[in-house]
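Open the model in a viewer and keep the selection tool at hand. The stops below are taken one at a time.

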Amino acid sequence: MVCVIIAAAGQGKRMGSGINKVLLPLAGKAVLVHTVLAAAAVEAVGRVIITAAGEDIEAIRTLLASNNLSVPWQVVAGGIERQHSIANALALIPDTTDIVVVHDGARPLAGAHLFDQVVAAARQYNAAIAAVPVKDTIKSVDAAGWVMNTPDRRKLWAVQTPQAFAAGLLKKAYARAAEESYIGTDDAGLVERLGTGVQIVQGDYQNIKITTPEDLVFAEAILAKRQEAVTMIRTGIGYDVHRLVPGRKLILGGVNVPYGLGLDGHSDADVLLHAIKDALLGAAALGDIGRHFPDTDGRYKGISSLVLLAEVRVILAGHGYTVNNIDATIVAQKPKLASYIAKMNENIAVTLGIGSSQVNVKATTTEGLGFAGQEQGIAAYAAVTIISARL
Ligand SMILES: Nc1ccn([C@@H]2O[C@H](COP(=O)(O)OP(=O)(O)OP(=O)(O)O)[C@@H](O)[C@H]2O)c(=O)n1
Ligand SMILES: C[C@](O)(CO)[C@H](O)COP(=O)(O)O
């Protein structure tokens with residue numbers, strides 16, 4: 001079982017708010033509630049232990065009780081230093097625990113993927129921590145303010161939590177530190193003192209530790225952007241018609257459909273894919289295929305519309321969008337298209353890098369009415385949704 005220890009027993013002196021910073025509001029919830037909910041939501045996690053300063057224990061219990069956590073949890077008294085707090089929690093982990101994850105209550109933005117990655121790496125290497133390469137040049141400075149040296153930045157990583165360990169190893173490291181009265185600033189540091197290797201897992205620059213007031217501003221902005229990203233679903237519609245003529249292939253959804261007539265056009269005249277591409281570009285407010293692939297451009301003469309669909313995918317990705325779903329209808333009196341639809345769906349899904357359940361092509365006749373019914377041309381309609389892939 002994976003047990004997560006969340007350190008929340010500090011005072012938040014650097015925040016200077018007069019209360020423990022993990023109890024401060026962030027996007028409508030206490031910082032600590034974000035952190036605990038994120039940890040509890042990780043599928044592998046079986047228990048959460050939260051350390052709290054004596055004066056905060058009741059407030060934290062009440063706060064968490066009102067949030068219906070999906071895993072068993074308990075609040076334990078912390079100690080003077082973070083390390084003492086973790087040691088208190090470590091003494092309470094269930095015997096069935098094989099992996100212990102230690103996480104700062106003050107890091108409310110760590111995503112489930114980060115927990116999953118450190119847990120997986122800890123299962124393989126016994127000790128794994130989230131960390132990111134430092135972006136600034138780091139200098140060692142003496143007490144008088146003189147630079148002593150400039151370490152090679154390529155070897156420097158800023159360490160975060162979550163940090164995950166084989167339970168026995170972490171207990172041993174904590175016992176050794178206690179024997180030697182050593183106080184470190186993170187859990188991996190204690191394991192390193194045993195001579196055991198610690199594996200780095202690529203962390204997340206958004207996984208900031210709320211320490212000083214501006215960190216709350218950054219965290220609010222990140223959460224707002226995530227919220228926007230989650231809810232940003234856009235819709236688009238596309239419509240296209242091509243004339244049926246002799247001597248041309250009939251290409252629909254990238255499938256060469258055997259028929260005596262084919263669709264006329266500058267490219268392969270795949271009316272279905274044209275409607276879909278127009279819908280995708282429209283959903284992203286990026287114009288239409290005429291703007292991106294003009295029929296006055298010789299490069300597009302006879303080109304496969306699947307190639308251009310792949311380009312639309314790249315254009316959308318460049319603007320932070322991925323395709324959510326496509327629903328399309330081909331309007332053709334003849335030929336019968338039922339047996340080709342599955343292949344069209346597959347071509348579209350593969351080209352856009354989405355699942356088969358995200359594409360649905362249909363075909364209909366017009367009961368002999370209009371240009372489609374008279375077999376003068378074929379039309380296609382498409383409706384799509386795209387989602388923002390940013391943050
Ligand atoms: N005795 C302590 C000290 C810290 N922590 C926790 O360890 C995490 C990281 O520590 P830090 O950011 O230093 O928090 P504080 O100690 O609260 O901050 P400050 O140093 O500014 O007082 C925080 O979630 C904090 O609540 C803890 O459980 N027990
Ligand atoms: C564990 C930690 O979050 C890694 O960056 C950090 O070392 C905690 O240090 P603090 O002094 O308790 O903020």
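Begin with the pair α3 and α5, where α3 passes α5 in a left-handed crossing. Bear in mind throughout that this is a predicted model. To show the pair, select residues 82-90 for helix α3 and residues 167-179 for helix α5. Their axes lie 11 Å apart, and the packing angle is about 130°.

On the α3 side, pick Gln83, Ala87 and Leu90. Facing them from α5 are Leu170, Lys171, Tyr174, Ala177 and Ala178. Coloured by class, this α3 and α5 contact shows six nonpolar residues, one polar and one charged.

Which residues are around ligand 2? They are Arg82, Asp104, Val159, Gln160, Thr161, Thr185, Asp186 and Lys209. Highlight strand β10, residues 157-166, as well: β10 supplies three residues, the largest share of this shell. Sorted by class, the shell around ligand 2 holds four charged residues, three polar and one nonpolar.

Select helix α8, residues 271-283, together with helix α10, residues 305-318. At what angle do the axes of α8 and α10 cross? The crossing is at roughly 10°, and the axes come within 10 Å. Angles under 35 degrees count as roughly parallel, and α8 and α10 are therefore roughly parallel to each other.

For the contact itself, show Leu273, His274, Ile276, Lys277, Leu280 and Leu281 on α8. Their counterparts on α10 are Ser305, Leu306, Leu308, Leu309, Val312 and Leu316. Nine of the residues in the contact of α8 with α10 are nonpolar, two are polar and one is charged.

Look for Ile354 in the loop that runs between α11 (341-352) and β17 (359-364). Is Ile354 buried, exposed or partly exposed? A residue is buried with 20 or more C-beta neighbours within 10 Å and exposed with 12 or fewer; Ile354 has 17, so it counts as partly exposed. Beyond the neighbours within four places in sequence, Ile354 is in contact with Val323, Ala349 and Val359.

Methods:
Residues numbered from 1 in each chain as written. Chains lettered and ligands numbered in written order. Predicted model: local features only at pLDDT ≥ 70, side-chain atom pairs only at ≥ 80, totals over all residues. Helix = DSSP H or I, 4+ residues; strand = E, 2+ residues; numbered from the N terminus. Contact = placed C-beta atoms within 7 Å. Axes fitted to C-alpha atoms, helices over the stretch in contact; angles between N-to-C directions. Parallel < 35°, antiparallel > 145°, perpendicular 65-115°, else oblique. Nonpolar A, V, L, I, M, F, W, Y, C, P; charged D, E, K, R; others polar. Left-handed = near helix turned anticlockwise from the far one by under 90°. Near = placed C-beta within 6 Å.
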